[in-house]
Amino acid sequence: MQVKPTDLFNITTLSYPSLAGNSVFFQENWIDQATNQYYSRIRQLDRRTRHQTAYGHDGQHDHAPQVNAAGTILAFLSQDADQHTQVFTQAVTGGNATQLTHERRDVEAFDWAGDAAIAYVSSTRPDTDSKFPQAVTVTKAQYKLNGAGLLPEDVTTTLKLQKLSNQTGKLVYASADGFSLGAVAPAGDQAAIAYEAKPADPNNFATAAAVVDLTTGELTDITTSVPGGEFSPAAFSHDGKQLLLVGKRNEQPNIEQTDLWHYDIASGALTDTTADQNLEIGGLIVADTQQGLSGRITEFVTTDYYLSLGFDHGAISLYTGGPDQALTPLVGGQRHITDWAVGPDQREVVFTSSDLTTPSQLRVFDLVSEEETLLYDPNARYARTHDLVAPSEYSFERAGYTIQGWYYAPVKTAKKHPAVLYIHGGPQAGYGYTFFHEMQVLANAGYGVINVNPRGGLGYGQDFTAAVIGHYGEGDYEDLMMSVDEAMKLDKKIDAKRLYVTGGSYGGFMTNWVVGHTDRFKAAATARSIANWISFYGTSDIGYYFTPWEITGEWTGDVNDIETLWRYSPLAYADHVKTPTLVLHGEQDQRCPIGQGEEFYTALKLRGVDTKFIRFPQSNHELSRSGLPNLRIVRMQAIMDWFDAHQ
């Protein structure tokens, strides 16, 4: 059966797995076509019988399940009667769920604080009851955020502790500058948070970490030895004496690898445990299927043994190590470990995973025997009944770097067939061993699909990531062009006269750049792109710092150097464009504002280029990954229709 854009509604993904005796709790995520909405529910799987039972509050908005250490109570987030996100609890033996928190605003994050209390973060701000539009006063450099719009400046973020027997939470710590909850100690006596080190300085990008005493509210800064660093606390040891953090020194803007750091609470020693390893901790694989992931990166198994996610050459794997032991792969292979948790007996790891032809599975790994067992595949029937393509991996050497790529051959064979170069976003990201619905759609529609990780991406070392800084459209462009050559060697049936190019974000920038520098492609589709660094600087939610980071490799900059900004702007080469180009952009995109697409479209239109502009209402920068489902489908179909019309 052919893979189609509407298969978004047929694919289920799993996340937030946890173990409690013979039970596995997990979150199941799906998209409903009738309501055009994303939903999630909580399921319990009996490992002996494989029977599943529904848990949760309403079966549609239940997410982030966590079982306490005793394995007796399930806590999770869901919506109350006012559609605010609250913490709910439910016995692991079943029964009705009970609302625990009653905040006026959403609970943003929570964690167990011992077996009978919850630590959680929420925000408060003054109510506005006026029936008339109100002026908004902005005083900060970064005053908006993609997906959130204008950021209110009168917000107080609070950390509260609530016992299961109480009706309200006790205020522990509050800040008008904001913070995020990273981890809570198993004993429930301390929490670790991350916060902006210098919130009043728009040119300071340090993120500090601190430990909060949950009894007194006292704050202890723990990253002062690396004052310019960017840290996020991730996991306490079982005895509460150690803390793992993910972070970087921030000595160079936006290119340093994320490392795993260890903090000894008694001595105050902060150590970069992976400083000598060329490994990206965490990492980001570009794809469009996974939803509702916990974001867990690392966790202690014992006091001297922990696990961590690492991204290397297209794979996100679980690595094992310790404070004095380098990380080595444990649960690996050509796949993407999407979510995971260590069991309460420290013997097993339950995890969810994806690979190039598998959207999502639930598995368990025995840390002693190192045996792995498949527990549940919600998409088994879908995989059996659809023509899923396993792409061919290839690599080549160019200018001192090994470039890795994947090629999806079209399902239907022909004497000659078209092919699409699909450029990923970022650029600090990468393609990898995970299920990508849109690539399967294109391959099923008769296109060969070329995915490649040009210099500038993650998973190949810091030098590889740094190679694009100050050189956008140079070595990365040559990598992309050579990747097409290599794919054509791999598949002799690719028609050189029917090559197409598309991409979003950085991939949109590169698509714009490509059509301004070569006529090799029969047609192009550019999405959520950057066309003009000069206007991007002051209109993007990240423009004022991302522009100098990427174009000059400096922490700060302005628009005084118009010559450099214009030289690296695809709009500067609009006179050279002859390729028919479809422009797609979300109207609420704050990351690459729609003005970027408007400028490029107008320039092409006035120069007589065959072009069309598609605007997506109620859509931000995440349209292709988590936007309105019907518009995700319209977007995919529009790109194929454009290519089909230019055969």
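User: Which residues are buried in α2?
Analyst: In this predicted model, the buried residues of α2 are His437, Glu438, Met439, Gln440, Val441, Leu442, Ala443 and Asn444. The helix covers residues 437-444 and is mostly covered, with eight of its eight residues buried.

User: Which residue with a positive phi follows α2?
Analyst: That is Gly446, with a phi near 105°.

User: Now the sheet with β1 in it. In what order do the strands come?
Analyst: The order is β1-β2-β3-β4, four strands in an open sheet with antiparallel pairing. At the edges are β1 (13-20) and β4 (52-55), each of which pairs on one side only. On average, neighbouring strands of this sheet are turned by 30° against each other, ignoring direction.

User: What holds strands of a sheet together in general?
Analyst: Strands of a sheet pair through backbone hydrogen bonds, in a parallel or an antiparallel way.

User: How many bridges join β1 and β2?
Analyst: Six, in the antiparallel sense. Ala20 stands opposite Ser23 of β2. The two strands form a hairpin with two residues between them, and Gly21 in the turn has a positive phi of about 65°.

User: And how many bridges join β2 to β3?
Analyst: There are 10 bridges between β2 (residues 23-32) and β3 (residues 37-46), and the two strands run antiparallel. Phe26 faces Arg43 of β3, and Gln27 has Ile42 as its bridge partner in β3. This pair is a hairpin too, with four residues between the strands; Asn36 in its turn has a positive phi of about 60°.

User: Is β2 mostly covered or mostly exposed?
Analyst: β2 is mostly covered: nine of its 10 residues are buried.

User: Different spot. Where is Ala75?
Analyst: Ala75 sits in strand β6, which spans residues 73-79.

User: Why does Ala75 count as buried?
Analyst: Ala75 counts as buried because its relative accessible area is 0%, and the cut-off for buried is under 20%.

User: What does Ala75 touch?
Analyst: Leaving out residues up to four places away in sequence, Ala75 touches Ala64, Pro65, Gln66, Val87, Phe88, Thr89, Phe110, Trp112 and Ile118. Ala75 and Val87 are 12 residues apart in sequence, and their C-alpha atoms are 6.7 Å apart in space.

User: What about β9 and β10, how many bridges do they share?
Analyst: Strand β9 (residues 107-112) pairs with β10 over five bridges, in the antiparallel sense. Ala109 has Val121 as its bridge partner in β10. In the hairpin of β9 and β10 there are four residues between the strands, and Gly114 takes a positive phi near 85°.

User: Where is Val138 placed?
Analyst: Val138 lies in the loop between β10 (117-124) and β11 (144-145).

User: Why does Val138 count as partly exposed?
Analyst: Val138 is partly exposed because its relative accessibility is 39%, and that class lies between the cut-offs of under 20% for buried and over 50% for exposed.

Technical notes: Residues numbered from 1 in each chain as written. Predicted model: local features only at pLDDT ≥ 70, side-chain atom pairs only at ≥ 80, totals over all residues. Heavy atoms only, no water. Pairing = 2+ DSSP bridges. Axes fitted to C-alpha atoms, helices over the stretch in contact; angles between N-to-C directions. Buried < 20%, exposed > 50% of the residue type's maximum accessible area, 1.4 Å probe, protein only. Contact = heavy atoms within 4.5 Å.
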